[in-house]
Amino acid sequence: IRLIIEISRIAERNGLVAKNISVGDMNRVSADSIGADTSGYGTLSLKFSVNSAYPKFLELLHDLETNLRLLDVTDVSFNSTDNGFYDFSVSLNTYWLK
């Protein structure tokens, strides 16, 4: 929950609204895995979208980059609209110590 609130606040600081936020747990052990999970950290994936002009989106990415939480942006996609704005979709991973 705190991660979603933090992403929403970063977007709001740039005058944007984070929409379609979805969270996925990347630590689920699949049926093909053998043995216990001995990693010392956990990983969480998050996707969200924003509607923005390109310069504002760059500011959002900069704020994500300089945030104290460790984030890896894994995917960015966009669609153009008729009014000069873009629909950006961002996927990222975040990590924490177990």
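Asn 67 lies in the loop that runs between α2 and β3, elements that are taken, like the others here, from DSSP runs numbered from the N terminus (helices, H or I, of at least four residues; strands, E, of at least two). The model is a predicted one, in which local features need pLDDT of at least 70 and side-chain atom pairs count only at pLDDT 80 or more, while totals for chains, interfaces and linings use all residues. Residues are numbered from 1 along each chain as its sequence is written, and side-chain values use heavy atoms, with hydrogens and water left out. The protein chain has two helices and four strands, which follow one another from the N terminus in the order α-β-β-α-β-β.

**Chain as a whole**

- Of the 98 residues of the protein chain, 29% count as buried, where buried means under 20% relative accessible area, exposed means over 50%, and partly exposed lies in between (1.4 Å probe, protein chains only).
- Among the contacts with a separation of 6 or more in the protein chain, 66% are between residues 24 or more positions apart, a contact being defined by heavy atoms within 4.5 Å.

**Strand pairing**

- Strands β2 and β4 run antiparallel and are joined by twelve bridges, and β4 is also antiparallel to β3 (residues 71-80), with nine bridges between the two; strands are said to pair if DSSP finds at least two bridges between them.
- Val 90 of β4 is the bridge partner of Phe 48, and Val 90 is likewise the bridge partner of Val 76.
- β3 and β4 form a hairpin with five residues between them, and Gly 84 in the turn has a positive phi of about 90°.
- Ser 80 has Tyr 86 as its bridge partner in β4.

**Nonpolar core**

- The largest nonpolar core has 17 residues, and those with the most contacts inside it are Ile 7, Phe 48, Val 50, Leu 60, Leu 64 and Leu 92; such a core is a set of buried Ala, Val, Leu, Ile, Met, Phe, Trp, Tyr and Cys residues joined through side-chain atoms within 4.5 Å.
- At least two residues of this core are supplied by each of α1, β2, α2 (54-65) and β4.
- When residues up to four places away in sequence are not counted, Leu 60 touches Ile 10, Ala 11, Asn 14, Leu 16, Phe 48 and Val 50.

**Largest pocket**

- The largest pocket holds about 160 Å³ of space, a volume being the space filled by probe spheres set on grid points that are joined across faces, edges and corners.
- On a 1 Å grid over the protein atoms alone, a pocket is an open set of points where a 1.4 Å probe fits, with protein on both sides within 12 Å along at least five of seven lines, and lining residues have an atom within 4 Å of a point.
- The lining of the largest pocket consists of Ile 1, Arg 2, Leu 3, Ile 4, Val 23, Leu 44, Leu 46, Arg 69, Thr 94 and Trp 96.
- Two or more residues of this lining come from each of α1 (2-13), β2 (41-52) and β4 (86-97), and the largest share, three residues, comes from α1.
- By class, the lining residues divide into seven nonpolar, one polar and two charged, where Ala, Val, Leu, Ile, Met, Phe, Trp, Tyr, Cys and Pro count as nonpolar, Asp, Glu, Lys and Arg as charged, and the others, Gly among them, as polar.

**Individual residues**

- Asn 67 and Glu 6 are 61 residues apart in sequence and 9.6 Å apart in space, C-alpha to C-alpha; with neighbours within four places in sequence left aside, Asn 67 is in contact with Glu 6 and Ile 10.
- Asn 14, in the loop between α1 and β1, counts as buried because its relative accessibility is 6%, and beyond its neighbours within four places in sequence Asn 14 is in contact with Lys 56, Glu 59, Leu 60 and Asp 63.
- Asn 20 is found in strand β1 (residues 19-25) and counts as exposed at 66% relative accessibility; the phi of Asn 20 is near 50°, a positive value in a residue other than glycine.
- Most residues other than glycine have a negative phi.
- Asp 87, found in strand β4, is partly exposed, with a relative accessible area of 32%, and Asp 87 and Ser 52 are 35 residues apart in sequence and 6.6 Å apart in space, C-alpha to C-alpha.
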